[in-house]
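Look for the open spaces in the fold below. The text that follows goes through two of them.

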Amino acid sequence: MLLLIPGPVMTHPDVRAAANRDIAPWDHDVRAEVGDLLARLRSLAGGADGVHAALPLPGSGHFMVEAAIRTFVSPSSEVGGILIPATGQYADRMVRLARDAGRRVTVMPASLTRPLDAAAVKAALSADPSISHLGLVYSETSTGVIHDPEAIGAVVRSLGRRMILDAVSAFGALPITMTDHPEIDALIFTPNKCLEALPGFSVAVCPVERAEARAGSAGSWSFDLGDIYVNGLANGPGAGRFTPPIQAMAALGAALDRLDAEGGPAARLQRYRDNMAALYDGLEALGLRPFLPRAIQGPIILNVHAPAHPDWDLRRFVEALKRHGVLISNFRNTEEPSMRIGAIGAIARPDILRAVAAIGETLDELGLRPKAHAA
Ligand SMILES: *Cc1c(COP(=O)(O)O)cnc(C)c1O
């Protein structure tokens with residue numbers, strides 16, 4: 001099955017093979033390997049040795065978004081508070097995680113079809129000096145829009161505030177360099193999106209000084225990034241506090257080897273851009289209408305309007321497409337009926353062309369192909 005979902009993505013057999021063994025996480029050799037993996041991730045994030053650390057947490061990406069909020073945003077609403085631009089569903093989830101953690105949240109209205117306006121962020125932060133943090137989703141996996149951490153980070157920096165960057169569907173392809181972003185408290189990602197590895201844990205790259213200072217303030221031992229950092233100082237950076245998903249960590253090591261061999265994030269981004277161009281062109285040729293104009297469409301995920309047909313049913317379409325060997329997302333993130341198709345993972349243009357052909361055949365089979373484009 002060709003998975004064109006926005007994670008977990010298709011992986012290379014070498015990556016899966018690396019997980020195919022029994023591993024003792026507490027063994028000293030294995031701790032050293034995990035320490036090396038974390039150092040590689042820190043360096044991939046453009047972090048500096050001794051200044052930044054990559055901190056792992058078992059669980060999916062949302063666990064890390066919660067951990068970052070709990071660790072860095074003070075629960076005292078006099079000194080802490082997070083501004084979250086409502087860029088889409090992943091921003092909404094950040095809002096809920098922060099609220100449920102008892103943090104003060106300010107939601108900033110934002111467009112779903114355009115990158116966030118740095119001037120509007122500046123105005124919102126300036127209007128409330130008690131807001132300590134901005135929570136930004138780099139690649140909004142619900143809309144396909146890529147927001148700009150350079151312009152927005154500069155605003156956050158200039159106002160002396162801090163940033164939590166959800167880079168889950170960006171990291172490994174879209175650029176970010178921690179040493180250029182002293183305002184970032186946590187750069188968050190998972191192995192199973194642009195890094196093309198297996199799910200099971202999440203990572204935040206943080207300034208060590210901040211992590212150490214915040215240890216003990218998360219209101220949760222499990223979600224305390226400061227405690228994870230301090231434990232690494234005491235027992236070695238590869239030492240977990242609790243049982244880590246060690247097979248998923250081994251697979252990520254193999255996936256980083258493949259990323260290096262490909263030419264790093266810039267080369268990977270180019271492959272994803274090629275995938276997206278083929279997908280965008282192919283769907284348009286079938287008579288389908290993408291949500292975003294080409295100039296705004298990001299390289300990660302594409303939302304396309306469902307055919308304007310009274311018989312349209314997403315679930316039925318997804319099931320029929322599966323019989324052609326292609327799996328797309330089975331829920332929509334837009335108010336209007338739509339489908340969501342990923343362009344990331346260990347796939348290339350021929351896979352996308354095969355998927356487009358399968359989508360065309362499925363539309364025909366269900367009598368849903370827009371008339372002017374019927375085969
Ligand atoms: C995938 C994703 C997450 C995390 O999702 P999980 O299912 O918890 O791993 C968070 N933010 C964004 C933008 C994502 O794309």
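In the largest pocket, strand E2 gives the largest share of the lining, 7 residues. The model is predicted, with local features needing pLDDT of at least 70 and side-chain atom pairs counted only at pLDDT 80 or more, whereas totals for chains, interfaces and linings use all residues. Residues are numbered from 1 along each chain as its sequence is written, and side-chain values use heavy atoms, without hydrogens and water.

A pocket here is an open set of points on a 1 Å grid over the protein atoms alone where a 1.4 Å probe fits, with protein on both sides within 12 Å along at least five of seven lines; its lining residues have an atom within 4 Å of a point. The volume of the largest pocket, about 510 Å³, is the space filled by probe spheres set on points joined across faces, edges and corners.

Of its 30 lining residues, Leu38, Ala54, Leu55, Pro56 and Pro237 lie nearest the centre. Helix H2 (28-44), strand E2 (52-58) and helix H8 (225-235) each supply at least two lining residues; helices (H or I, at least four residues) and strands (E, at least two) are DSSP runs numbered from the N terminus.

The second largest pocket has a volume of about 390 Å³. Its lining holds 29 residues, with Pro6, His62, Tyr90, Asn192 and Lys193 nearest the centre. Helices H3 (61-72) and H4 (89-100) each contribute at least two residues, and H4 gives the most, 4 residues. At least three lining residues come from each of domain 1 (14-260) and domain 2 (265-373), with bounds from an automatic or database domain assignment.
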